[in-house]
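Please read them alongside the sequence and the coordinates.

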Amino acid sequence: MIQPPHNNRLQRTALRAAAEPERSATKSSVGADMNPQHYLFVDDRALGVCVFCGGVPDTRDHVPSKVFVDDPLPDHLPIVEACEACNQGFSLDEEYLACFLEAVLAGSTDPEKLTRAKIKRALSRNARLVSRLEASVRVDDNGTMIWIPEANRVQNVVRKLARGHAAYELSLPEIDEPAAVTFQPFLTMSEQARQRFENAGSGELRGWPEIGSRAFLRACGADPYSDTVGPWIEVQRGRYRYSVGQDAGVIVRIVIAEYLACEVAWE
Ligand SMILES: [Zn+2]
């Protein structure tokens, strides 16, 4: 359900912007043709709620979490407000998913055979996780390794990431339970399904984004934060990209490691 713009917040922002012109001006890297008022709105990330649970936000959290991207980190890794419990509460599942994907891609849990330095380190010091990953491997009749993910953990992470992206892009927390959370490797998708997925956003952002939201800025062609490739926002090439569409509801699509295609939809 799309909520109306948060007028109080906009008013608050406008007041703060008027009171702090210097701070805002120095933080801006928007081109000179950009209406600075718009930038000031978007610079107010303070939605006043934890974007994951709607609770009191005492911390800030990166979306995606750093475990999904490599060092050096992208310059403008999106940041959202979160409560302490949410900030900490997803870490293990996120580490699990990042390690699981890396193991699947390498066909092994042996740190020596993995590509990502961050995941090598994580698995080198976590024997429990290694054995948990190894327990998820099956071998089919043809001798092919099949990796069975812990679906509830993957779903937990995908929903969390999508909430973060929706809040960041639309300035609109999606606290309600989504109508659907799906994830599957590109390899298992039909060509048609893949095409539909890849075309995310093109024609889908028919809703009018709130003034000052990132979706608004991107629609204006003013995007000082990250690379956009078509409808996709590329956080780090080959590692992580996402798109946020807004029409009758909100649809967030995420691609992790150019392997796992995730989709979360709110009505
Ligand atoms: Zn929370």
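1. Two residues are taken to be in contact if their C-beta atoms, placed from the backbone, lie within 7 Å. Apart from neighbours within four places in sequence, P111 is in contact with K120, L123 and S124. P111 belongs to the loop between α5 and α6. Its C-alpha lies 8.9 Å from that of A122, eleven residues away in sequence.

2. The model is predicted: local features need pLDDT of at least 70 and side-chain atom pairs count only at pLDDT 80 or more, whereas totals for chains, interfaces and linings use all residues. Residues are numbered from 1 along each chain as its sequence is written. Helices (H or I, at least four residues) and strands (E, at least two) are DSSP runs, numbered from the N terminus.

3. Burial is assigned by counting other C-beta atoms, placed from the backbone, within 10 Å of a residue's own: 20 or more is buried, 12 or fewer is exposed, and in between is partly exposed. P111 counts as partly exposed because it has 18 C-beta neighbours inside 10 Å.

4. The axes of helix α5 (residues 91-106) and helix α8 (residues 151-170) come within 9 Å and cross at roughly 110°; axes are lines fitted to C-alpha atoms, for helices over the stretch in contact, and angles run from 0 to 180 degrees between N-to-C directions. The two helices are therefore roughly perpendicular, a class that covers 65 to 115 degrees (under 35 is roughly parallel, over 145 roughly antiparallel, the rest oblique). D93, E94, Y96 and L97 of α5 meet R153, V154, N156 and V157 of α8.

5. Strand β10 (residues 260-266) has six of its seven residues buried. Strands pair if DSSP finds at least two bridges between them. Strand β5 (residues 180-185) pairs with β10 in the antiparallel sense over six bridges, and V181 stands opposite V264 of β10. Strand β9 (residues 250-256) also pairs with β10 in the antiparallel sense, over seven bridges. β9 and β10 form a hairpin with three residues between them, and A257 in the turn has a positive phi of about 60°.

6. A nonpolar core is a set of buried Ala, Val, Leu, Ile, Met, Phe, Trp, Tyr and Cys residues joined through C-beta atoms within 7 Å. The largest has 50 residues, and those with the most contacts inside it are C99, F100, A166, V252 and I254. Elements giving two or more residues to this core include α5, α8, β9 and β10. Not counting residues up to four places away in sequence, V252 touches A162, H165, A166, Y242, V244 and V264.
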